[in-house]
Amino acid sequence: PANGAPGPAAAPALPPANVNSPSYKDGYKSEHDYFAVPQNHSFLASEMKGGGYTVVTACQTEMSGGAPPPSPNDWIAGCVAALHDLGFKP
């Protein structure tokens with residue numbers, strides 16, 4: 001604001017993932033192992049480029065393919081970390 005008063009508070013962030021949870025570790029390992037395979041990596045890169053996927057929506061799609069993990073938030077966070085480590089953005 002023009003009077004120098006602080007603006008509205010930022011929206012609260014989502015709770016951080018528990019990187020030690022089994023769901024996080026499973027999301028990371030399963031997706032890293034799968035998308036480290038060159039053929040699978042190329043497929044996802046193509047889907048992200050032409051299909052409008054982000055790492056989050058790709059992980060949500062992956063998670064919907066099986067039984068839900070005990071902690072979906074942690075599983076998706078692990079999946080996102082794996083995809084980032086493999087060079088996928090955003």
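Predicted model: local features only at pLDDT ≥ 70, side-chain atom pairs only at ≥ 80, totals over all residues.
Reader: How do you know which kind of aromatic pair the rings of Tyr34 and Phe35 make?

Author: The count comes to 1 aromatic pair. In that pair, the rings of Tyr34 and Phe35 have their centres 4.8 Å apart, and rings pair if their centres lie within 6.5 Å. Their planes stand at 90 degrees, and because planes over 60 degrees apart count as edge-to-face, the pair of Tyr34 and Phe35 is edge-to-face.

Reader: What place does Phe35 have in the largest nonpolar core?

Author: The largest nonpolar core has 13 residues, and Phe35 is among those that touch the most other members, together with Leu44, Val55, Cys59, Leu83 and Phe88. Two or more residues of this core come from each of α2 (38-51), α3 (55-63) and α4, and α4 gives the most, with 5 residues. As a general matter, nonpolar side chains in soluble globular proteins tend to be buried together.

Reader: Which residues does Cys59 contact, apart from its neighbours within four places in sequence?

Author: With those neighbours left aside, Cys59 is in contact with Trp75, Ile76, Cys79, Val80 and Leu83.

Reader: Why are the buried residues of α3 said to be on the same side of α3?

Author: The residues of α3 that are buried are Val55, Ala58 and Cys59. They cover an arc of only 100 degrees around the axis, and therefore they lie on the same side of α3. The elements that cover these buried residues of α3 include α2 and α4.

Reader: What makes the pair of Asp33 and Lys29 a salt bridge?

Author: The closest N and O atoms of Asp33 and Lys29 are 2.5 Å apart, and a salt bridge asks for a side-chain nitrogen of Lys or Arg within 4 Å of a carboxyl oxygen of Asp or Glu, so the pair of Asp33 and Lys29 is called a salt bridge. A search of the whole structure finds 1 salt bridge. Both Asp33 and Lys29 lie in helix α1 (residues 22-35), where they are 4 residues apart, about one turn of the helix. Asp33 has a relative accessibility of 41% and counts as partly exposed.

Reader: How do you know whether Ser21 is buried or exposed?

Author: Ser21, which lies in the segment before α1, has a relative accessibility of 8%, and because the limit for buried is under 20%, Ser21 counts as buried.

Reader: What joins the side chains of Ser21 and Asp74?

Author: The side chains of Ser21 and Asp74 are joined by a polar contact of 2.9 Å, a value that can be set against the limit of 3.5 Å for such a pair of N or O atoms.

Reader: How many helices and strands does the protein chain have?

Author: The protein chain has 4 helices and 0 strands, and along the sequence the pattern is α-α-α-α. Of the 90 residues in the protein chain, 27% are buried.

Technical notes:
Residues numbered from 1 in each chain as written. Heavy atoms only, no water. Buried < 20%, exposed > 50% of the residue type's maximum accessible area, 1.4 Å probe, protein only. Phe/Tyr/Trp six-rings, centres within 6.5 Å; stacked < 30°, edge-to-face > 60°. Core = buried A, V, L, I, M, F, W, Y, C linked by side-chain atoms within 4.5 Å. Contact = heavy atoms within 4.5 Å. Arc of directions from axis to C-beta. Polar contact = N/O pair within 3.5 Å; in protein donor to acceptor, adjacent residues only side chain to side chain.
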